[in-house]
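Thanks for coming. I will go through the strand pairing and then the disulfide.

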Amino acid sequence: MRFMFLALAAAAVGCGSNGAVRVTLTDDPAAASVKQLLVTVDEVRIHDSGEDTATGGDAGATADGATGNGWIVLCSTVQTFDLLQLTNGRTMALCGNQSITVPTGRVSQLRLGVQSAQLVMDNGGTQDLSVPSGPSSGLKIDVQRDVLKDQTLEVKLDFDANASLNQKGDGSWSLKPVLRVLP
């Protein structure tokens, strides 16, 4: 994957009509009994309407349309973060705080490949959370923004922990990620 990313970056640099994309993450506060919401991301990819490059993926990603022409992997570095540390205007840069060179064009969608998620409660208890589509095709975020020549498109994602966490009747929790791009 890393070689593919470098090849894509090298090809994009030589095209002459490039911009860049930088992705950051923030969060709204979660339920009072939750101490941490640990999320491990292993890939960030965008769909660019003007890009002909094809990327691979597993059967779930292919079936969900997260592979094929137009998909550009921005990074495939494993990153773990506590969403609850990203409140009150604090952000964390994904992809190593880099602006990734990409061809100019319309970014219709961003996908976060979520490897795992774990909830840590105030009482010290933990619970592993399943993430629908997270490990296969990734979490879908509608972007609908343009990468302009010689400019950087800043994509600030809000992963709303409070809206994403649901406590079941038996006291366990489920995660149904609620994400949006901030203006």
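In E9, Arg-45 has Arg-111 as its bridge partner. Strands here (E, at least two residues) are DSSP runs, numbered from the N terminus. This is a predicted model, where local features need pLDDT of at least 70, side-chain atom pairs count only at pLDDT 80 or more, and totals for chains, interfaces and linings use all residues. Residues are numbered from 1 along each chain as its sequence is written, and side-chain values use heavy atoms, with hydrogens and water left out.

Back to the strands. E2, residues 34-48, and E9, residues 105-121, pair in the antiparallel sense over 13 bridges; two strands pair if DSSP finds at least two bridges between them. E2 is also joined to strand E6, residues 79-82, by four bridges, and these two run antiparallel. There, Leu-38 has Asp-82 in E6 as its bridge partner. Four bridges join E2 to E5, again antiparallel, and His-47 is partnered with Trp-71 in E5.

Now the disulfide. The structure holds one, with the term meaning a pair of cysteine sulfur atoms within 2.5 Å. Cys-75 and Cys-95 form it, with their sulfur atoms 2.1 Å apart. The pair links distant parts of the chain, 20 residues apart: Cys-75 lies in strand E5 (residues 71-75), and Cys-95 in the loop between strand E7 (92-93) and strand E8 (100-103). Which hand does the disulfide of Cys-75 and Cys-95 have? The torsion about the S-S bond is about -70 degrees, so the disulfide is left-handed. Both Cys-75 and Cys-95 are buried, that is, under 20% relative accessible area with a 1.4 Å probe, protein chains only.

Conventions: Buried < 20%, exposed > 50% of the residue type's maximum accessible area, 1.4 Å probe, protein only.
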